[in-house]
Number of protein chains: 2
Amino acid sequence: MFETAELGNSVAKGDYDARVPGVRVDLINAQYDLRSADFPVVVLLTGDDRAGVGEVLNVLHQWMDTRFVQSFAFGARREEERERPRFLRYWNALPRKGQLAFFVGDWSTSLLADHLGGEIDDAAFACGLDHVERFERTLVEDGTLLLKFWLHLPKKKLKRRLEQARKNDSAALRIDSVDRRLYRNYDGLLPHAEHLIRKTSSAAARWQIVEGTDPAYRNLTVAEGILAAVKARLDAHESVPAARTIAIPDLDPHTTVLGSVDLEASIPYDDYKATLLDLQGRLRELVARARKKGVATVLMFEGWDAAGKGGAIRRITHALDARDYRTVAIAAPTEEEHAHHYLWRFWRQLPRDGQLAIFDRSWYGRVLVERVEGFARDDEWRRAFAEINDFEDQLVLHGVALCKFWLHIDADEQLRRFQAREKTPYKKYKIGEDDYRNRDKWDAYVAAIDEMVARTSSELAPWSLVPANDKRFARIAILRTVCDAMKRALKRV
Amino acid sequence: MFETAELGNSVAKGDYDARVPGVRVDLINAQYDLRSADFPVVVLLTGDDRAGVGEVLNVLHQWMDTRFVQSFAFGARREEERERPRFLRYWNALPRKGQLAFFVGDWSTSLLADHLGGEIDDAAFACGLDHVERFERTLVEDGTLLLKFWLHLPKKKLKRRLEQARKNDSAALRIDSVDRRLYRNYDGLLPHAEHLIRKTSSAAARWQIVEGTDPAYRNLTVAEGILAAVKARLDAHESVPAARTIAIPDLDPHTTVLGSVDLEASIPYDDYKATLLDLQGRLRELVARARKKGVATVLMFEGWDAAGKGGAIRRITHALDARDYRTVAIAAPTEEEHAHHYLWRFWRQLPRDGQLAIFDRSWYGRVLVERVEGFARDDEWRRAFAEINDFEDQLVLHGVALCKFWLHIDADEQLRRFQAREKTPYKKYKIGEDDYRNRDKWDAYVAAIDEMVARTSSELAPWSLVPANDKRFARIAILRTVCDAMKRALKRV
């Protein structure tokens, strides 16, 4: 695979000096145009030529307007990064629409370094590659222009350059612990790198292997590569690549999952009282253990309007210390959130190890309200199922105890509750015309919920469909599910 | 001072049960109204009754709608917090307009704990109290409703309650290292606490001392205190307390600081070339040392349009490794930034130790463009001088090397550069009618700059007024100033 990058490609000095000024003007003009474009640009710079990566990054910083460039160098994970799922630091660094960011020591590089260093075995490496592939697909399908450059140097050249660099200027060469690990295993590196490049090359996120023997050739190739891709995308006047057609099998209308929920389920008041106190006590103990053991918990509530989400959440929080949990109410995205992938804001709200986060509405908005009300395009909500599965996989993989609740009531019960709310002294419960109007879309929601559960309920992250016509029954069922999930997560550490 | 909180205040059980439901409805309705208000609410909960603080926080979480409450418990500073100025973590946690946040283990508490633990001496404690006072004034003057509750328990009661809590339920009592330090020094605590309360009580940020002997009395007092303050503020229909009149002495028109800048200053080309390379080499070494020693650098550029900020910044960044610095271009604030104090977004952009941040325009926008164009009210830009001084004090105190540049050119030179720009191939330099129109306000800007320099140039954070009619002279002067400032900062560690 690397043969084509050992041909001795080079650019003559005179040629280089003649081409650079034009490239610089074009780059800066492209940056300027990009600012009003509706897609972000992510450029991965990596390779076996680690010193070359630093050099190219610096040259690009000199050629471009650094005010509109962000660069992130990811080394070993720091304390606060280790306390959250692995991809969080990349999500946090993602540029918004109209911005360009360079990633050095990105997800691919760190995976490779961990594998070469013996920290993860072949199976974990393969699993990691899957995550990389899906993460990149998520970005690209959302409109990110993702450019990946692998800088390659034949072994002899690499050794010579390292020695040269050491002699000339120690500051010019930044060798970190990742680099050292890669250099020490140079012979082992290439086969693994080939594997990685093959596995994570798709039409939309192709690796470009760049020969680094001649720095002039290397610099120009990367710069012109970026330039061509950004210009092409700007000219295309298309925010997102054409939607892939995803075949959705028809669901059997006779077996909707909501139809299977036993809405008659109920619990006598005395039972309720005793069980509630018992479960809250258990929960308190579990949360204290989770805090000590560093296990994070994510509880996610979806359900019909007036299904009792707030009341159920309160029965949980009453058992907790205010310093252990945070309730996250999900409303319409802000302008900043809107300029990122829709999952971005949820990643940022994840609890750190030992903490608990309760989401009142969630990332499922994409396949519920956004789908039914038409706020998301067809291809957007269709691919969200896979994106959500991947997101939740990563939570569970990190050790998070995850519960997903749908609180189910029937339309009559909802109407009764709306009417009761009109008499409450709480302003926040006041019912408006909108609430009644939303009831017209009941059937469309039923179909959406059905498909959602079918596509996103897995053994690792199962949905709990909670019969909530009897609020008390629902609260008990929820508390019990939370306790069980936390117990399981605690057993795994 | 604490005598009034040892009177044995209490609320009878029947009375409590009768009053709580009303308080809860009122609290939730106030939260609901608050959401569309244009001020944030910050509630500090602290005191010698540390267990009581946790209990009150939990009770309030039960009574309020936790979806619209944020709670922050600050313990010992973590790795990433130690690498940035002390107040950054509080700035990061500040609620936006319309939100309410509880702060436990806030700036006052941690200062007190450090002093009692012997980590800081009397002088540092006094200096810390100054910072607390100014920080709180900054918040209040910007419109934050700041409520501070000190929960007090007579010594005997405290001991009894601690024992009770230990027996009943270990999970209910969260004693952290800060608590332990406070309890161990209980006798030493009260005099220091008195000092703190006296020093940091102002009309706008008054401490309320609450007797904790009877939990019912304590809970109701805090809840009703919050409720009354929020309601009063909502009813006032006024976003910000009346502007304090700040006497501004007239500046002597004959000695404007800009008039003292020698615009004839220039440097021959050969000198420039040699000196530039020499200074860039020195800078490269200094940055490498700063990275190793963990010294952060903040370079801030203000100046007339076309004064050459971009070119000067490029001469600095060309000497640097892209992984060591970040350029921050300051434009109009986003909606999120607008909903916070104007300094909030600059706090968030501060470099961590060992890193360098270059601000292209800065927090001085408040007293320049916002003042001249009328984007900030009179009282807002007037108090900004003190706020900025305090902000910069804290940077320097943390060990940051700080440089502040004003690039000065005359109006003729600006016109020449505008005309030259019209011919450049860089789109970003294209000149529009706005640019020419801004020139009409030259004199208003001169007055604003004059006052800015007079009020914010101090020995610790001096302004450098750079003659920039000769771009090369300006670049050399700037590089030299940066090198000197970094050298001084490195000497201090």
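**Close-up 1. Contacts between chain A and chain B in the predicted model.** The interface joins 39 residues of chain A to 39 residues of chain B. On the side of chain A that touches chain B, seven stretches of chain A give two or more residues each: helix 1 (13-34), helix 2 (50-63), strand 2 (69-73), helix 3 (79-82), helix 11 (269-293), strand 7 (325-329) and helix 13 (335-338). Helix 2 of chain A gives the largest share, five residues. By class, this side of chain A holds 15 charged, 13 nonpolar and eleven polar residues.

**Close-up 2. The relation between chain A and chain B.**

**Close-up 3. Helix 11 of chain B, end to end.** This helix spans residues 269-293, 25 residues in total. From first C-alpha to last it reaches 36 Å, close to the 36 Å expected at 1.5 Å a residue. B:Gly294 follows the helix. The phi of B:Gly294 is positive, near 70°.

**Close-up 4. The buried residues of helix 11 of chain B.** They are B:Leu279, B:Leu283, B:Leu286, B:Val287 and B:Ala290. Their cover includes two strands of chain B, strand 6 (297-303) and strand 8 (356-360). Helix 12 (309-317) and helix 20 (471-492) of chain B are also among the covering elements.

Note on methods:
Residues numbered from 1 in each chain as written. Chains lettered and ligands numbered in written order. Predicted model: local features only at pLDDT ≥ 70, side-chain atom pairs only at ≥ 80, totals over all residues. Helix = DSSP H or I, 4+ residues; strand = E, 2+ residues; numbered from the N terminus. Expected span 1.5 Å × (residues − 1). Buried ≥ 20, exposed ≤ 12 C-beta atoms within 10 Å, placed from the backbone. Contact = placed C-beta atoms within 7 Å. Least-squares fit on C-alpha atoms with pLDDT ≥ 70 in both. Nonpolar A, V, L, I, M, F, W, Y, C, P; charged D, E, K, R; others polar.
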